[in-house]
Amino acid sequence: MEKSSFQKRLCRLLLFCAGAEVLILLLSRFYRCPFYAITGIPCPGCGMTRALLSALRMEWRQALHWNPMVYPLALCCGYAAVCFLMGRTRQAASIRFWGIVGVLLLAVWLLRLPSIISGDSLLFIRPGSLGDFLVSRFLC
């Protein structure tokens, strides 16, 4: 008996989630942000892996401190997963939808940048980096 299209989509989604989980666990151990490596300034997504891992451990406040976009992004991914399961792949992969998410991520980063520069954040500018040089020359 052949599987229904819903069952096929569910299997694909579960495989994708399992692969994403393995990737996140591997990235949290070995990957370093190229933007941070070059500039010394945390990028808009910096802290997202640690925030996700904190949320999975039910450390809600810690997750918000690492990256406040962890919960809105999780909701957006959940919405995309539901759209995919319902067969609305165009809606799940909408450039407009993910563009808005990207703009929100950038806006939150710009709002967090002053606290990162002042050192009041869990994320920090690496001493001796290009970002440290720029901050010390132009903002202090």
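Predicted model: local features only at pLDDT ≥ 70, side-chain atom pairs only at ≥ 80, totals over all residues.
**Exercise 1.** Work out how many helices and strands the chain has, and what share of its residues is buried.

*Solution.* Start with the secondary structure: the tally is eight helices and zero strands. Next, burial: out of 140 residues in the chain, 27% are buried. Finally, take the contacts between residues at least 6 apart in sequence: 52% of them join residues at least 24 apart.

**Exercise 2.** Describe how helix α3 and helix α5 are arranged, and say which residues make the contact.

*Solution.* For α3 (residues 48-56) and α5 (residues 70-85), the axes come within 10 Å and cross at roughly 80°. Angles of 65 to 115 degrees count as roughly perpendicular, so α3 is roughly perpendicular to α5. Now for the side that each helix brings: α3 puts in M48, A51, L52 and A55, while α5 puts in V70, Y71 and L73. Sort those contact residues by type and you get seven nonpolar, no polar and no charged.

**Exercise 3.** List the buried residues of α3, then find what phi M58 takes just after this helix.

*Solution.* Using under 20% relative accessible area as the cut-off, the buried residues of α3 are M48, A51, L53, S54 and A55. Just past the helix, M58 has a positive phi of about 65°.

Methods: Residues numbered from 1 in each chain as written. Heavy atoms only, no water. Axes fitted to C-alpha atoms, helices over the stretch in contact; angles between N-to-C directions. Helix = DSSP H or I, 4+ residues; strand = E, 2+ residues; numbered from the N terminus. Parallel < 35°, antiparallel > 145°, perpendicular 65-115°, else oblique. Contact = heavy atoms within 4.5 Å. Nonpolar A, V, L, I, M, F, W, Y, C, P; charged D, E, K, R; others polar. Buried < 20%, exposed > 50% of the residue type's maximum accessible area, 1.4 Å probe, protein only.
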